[in-house]
Amino acid sequence: MKVYNYSDLDKDSIAKLVQRNVDPANEIRTIVEEVLGNVQQHGDRALYDYAGKFDKVALDKLFLDKTELEEIASAITADQKIALDIAYANIYKFHQSQIKAEDKVHTMPGVTCWRELRPIEKVGLYIPGGTAVLPSTFLMLGIPARIAGCHEIVVCSPPQKNGKVNAFIAYVALVLGIDKIYTVGGAQAIAAMAYGTQTISKVDKIFGPGNQFVTKAKTIIQSTTTTAIDMPAGPSEVLVIADETSRPEFIAADLLAQAEHGIDSQSILVTTSARIAEKALVEVEKQTEVLPRAEIVRQALDNSYVVVTKSIYEAMEFSNAYAPEHLILAVKDWEHIAPEIINAGSVFLGNLTPESAGDYASGTNHTLPTSSYSRAYSGVSVDSFVKKVTFQFITPEGIKNIGPHVEILAELEGLHAHKNAVSVRLKG
Ligand SMILES: NC(=O)c1ccc[n+]([C@@H]2O[C@H](COP(=O)([O-])OP(=O)(O)OC[C@H]3O[C@@H](n4cnc5c(N)ncnc54)[C@H](O)[C@@H]3O)[C@@H](O)[C@H]2O)c1
Ligand SMILES: N[C@H](CO)Cc1c[nH]c[nH+]1
Ligand SMILES: [Zn+2]
């Protein structure tokens, strides 16, 4: 990991440092556009072909049904089941608290406005399964979808070498009451859920993280079809802010946890202490050596760096410019600097709050905006699965109060039919 001094960085170098992999030569886009086009044109046939090409599996069908899921899920141990159940309970509890009825508002006498939630009817969940299979992501998407009351939940996840999903994905499906999983991964899964195929239904909105192919496919279908997406949730990233009070071995562990996701993950340390930076880097080396995924981690670290700042406020300034998916304030005095956070997907406070807790089981959602999209997007929540429909009701007193003003407003825009829709009511 390269080390930079914040005071040596000008505006352009900061802009370069905070820029993520943006597919400058459009290599990913070219591959993804071809996949999208083939699935749109050939439907299931293309899905079978891509399972062979990208996942190296010859599928004889594209889904697993409830009986198959039950059989696969039976392999999980009691401890694994308890851990998944605890994660389920915490995520459920936190997400359930997000549903709140809103008040009706009387904007003027006789005029009442309010909003009501309606679930998005058909949703598609993408559960990654390339470098690691992520049943935790299935919980993070399936729980809010269920709480929101979505009617149809389509789930796609890449096939394992045996053409199936693993026992944990199968178990989560059963816990969520989902009785079919499509063994389709990558951009082709996004295409299938956006266009529909002979086997897979078109959905209204697609959710879920994924690699660069998945994320590019989501951003393309968002602008070219009527299917919406949650957000661009691509390769994982973390930014740790540390000072003299931080523990180098904790910092290193957190940096490595996100680096482990894939070679395009990014882990950033921003610290006011050159001494802590040095110690954390020694720890990173030491801890990497014993990781089973050391090769992936090393490649991700090549793409990662350290910034040494003069003050914690400079550190926050850099963090807000970077707009991380995960922000860890690994400092004792986090309460003072937390109000300075402007851009971040999810925040981990103090030295005893590992990012992994949020990845699995604290209760918050781990499907979060990457590549600086935390400037404008929030992570997945129950809100992501509902629409908020506005209502208004006007009484006879209300139309007398509001009507004359609407008539003038319509007239000043030159829209006489609009004015008349009020005038006929005032007359009659
Ligand atoms: N932002 C978030 O909220 C969040 C959460 C969890 C995971 N993630 C990220 O999700 C990603 C998961 O990626 P993954 O690769 O492990 O799984 P994935 O399921 O996203 O991708 C695997 C699929 O990619 C396709 N693929 C692989 N190589 C290809 C190629 N050369 N051309 C076209 N398609 C190809 C295959 O079809 C395969 O099924 C990681 O980068 C991880 O960091 C992000
Ligand atoms: N850190 C990932 C989000 O970027 C989520 C995850 C799933 N499993 C482990 N981690
Ligand atoms: Zn993670």
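Trainee: Let's start with A323: how do I tell whether A323 counts as buried or exposed?

Mentor: You count neighbours around the C-beta atom, which is placed from the backbone: 20 or more other C-beta atoms within 10 Å means buried, 12 or fewer means exposed, and anything in between is partly exposed. A323 has 24 C-beta neighbours inside 10 Å, so A323 counts as buried. Before we go on, this is a predicted model, where local features need pLDDT of at least 70 and side-chain atom pairs count only at pLDDT 80 or more, while totals for chains, interfaces and linings use all residues. Residues are numbered from 1 along each chain as its sequence is written, and chains are lettered from A and ligands numbered from 1 in the order in which they are written.

Trainee: What about the backbone: what is phi of A323 near?

Mentor: The general idea first: most residues other than glycine have a negative phi. A323 has a phi near 55°, a positive value in a residue other than glycine. You'll find A323 in the loop between α13 and β13. Those labels are DSSP runs numbered from the N terminus, with helices being H or I over at least four residues and strands being E over at least two.

Trainee: And N26: is N26 buried or exposed?

Mentor: N26 has 12 C-beta neighbours inside 10 Å, so N26 counts as exposed. Phi is positive here as well, about 60°, although N26 is not a glycine. N26 sits in the loop between α1 (11-18) and α2 (27-42).

Trainee: Let me zoom out. How many helices and strands are in the chain?

Mentor: The chain has 17 helices and 15 strands. Of its 428 residues, 41% are buried, and the C-alpha trace spans about 80 × 60 × 45 Å along its principal axes.

Trainee: Which domains does the chain have?

Mentor: The bounds come from an automatic or database domain assignment. That assignment gives domain 1 (2-21 + 235-363), domain 2 (27-110 + 118-231) and domain 3 (395-427). The C-alpha centres of domain 2 and domain 3 are 47 Å apart.

Trainee: How do I read a sheet, say the one of six strands? What is its order?

Mentor: Two strands pair if DSSP finds at least two bridges between them. Here six strands make an open sheet ordered β1-β12-β11-β10-β13-β14, and the pairing is parallel. At the edges are β1 (2-5) and β14 (346-349), each pairing on one side only. Inside the sheet, β10 (residues 237-242) and β13 (residues 326-330) pair in parallel over five bridges, and A242 has A330 as its bridge partner in β13.

Trainee: Which helix lies across β10, β11, β12 and β13?

Mentor: That's α13 (residues 312-322), running at about 155° to β11 (266-271). For such angles, axes are lines fitted to C-alpha atoms, for helices over the stretch in contact, and the angle runs from 0 to 180 degrees between N-to-C directions.

Trainee: What is the order of the three strands in the other open sheet?

Mentor: That order is β3-β4-β15, with antiparallel pairing. The edge strands β3 (105-108) and β15 (386-394) each pair on one side only, and the twist averages 30° from one strand to the next. Strand β4 (residues 111-119) pairs with β15 over nine bridges, and W114 has F391 as its bridge partner in β15.

Trainee: Now the cores. Which residues touch the most other members of the largest one?

Mentor: A nonpolar core is a set of buried Ala, Val, Leu, Ile, Met, Phe, Trp, Tyr and Cys residues joined through C-beta atoms within 7 Å. In the largest, which has 72 residues, I190, M193 and A217 touch the most other members. Helix α6 (residues 135-148) gives this core its largest share, eight residues. A second, separate core has 37 residues, including A257, V306, I328 and L329.

Trainee: What does M193 touch?

Mentor: Two residues are in contact if their C-beta atoms, placed from the backbone, lie within 7 Å. Leaving out residues up to four places away in sequence, M193 touches G124, V154, C156, I200, K202, V203 and I206.

Trainee: Last one: which residues of helix α4 are buried?

Mentor: In α4 (residues 66-73) they are L69, I72 and A73. Seen down the axis of α4, they fall within an arc of 95°, so they line one face of the helix; the arc is that of the directions from the helix axis to the C-beta atoms. Their cover includes β2 (63-65), α7 (167-176) and β7 (180-182).
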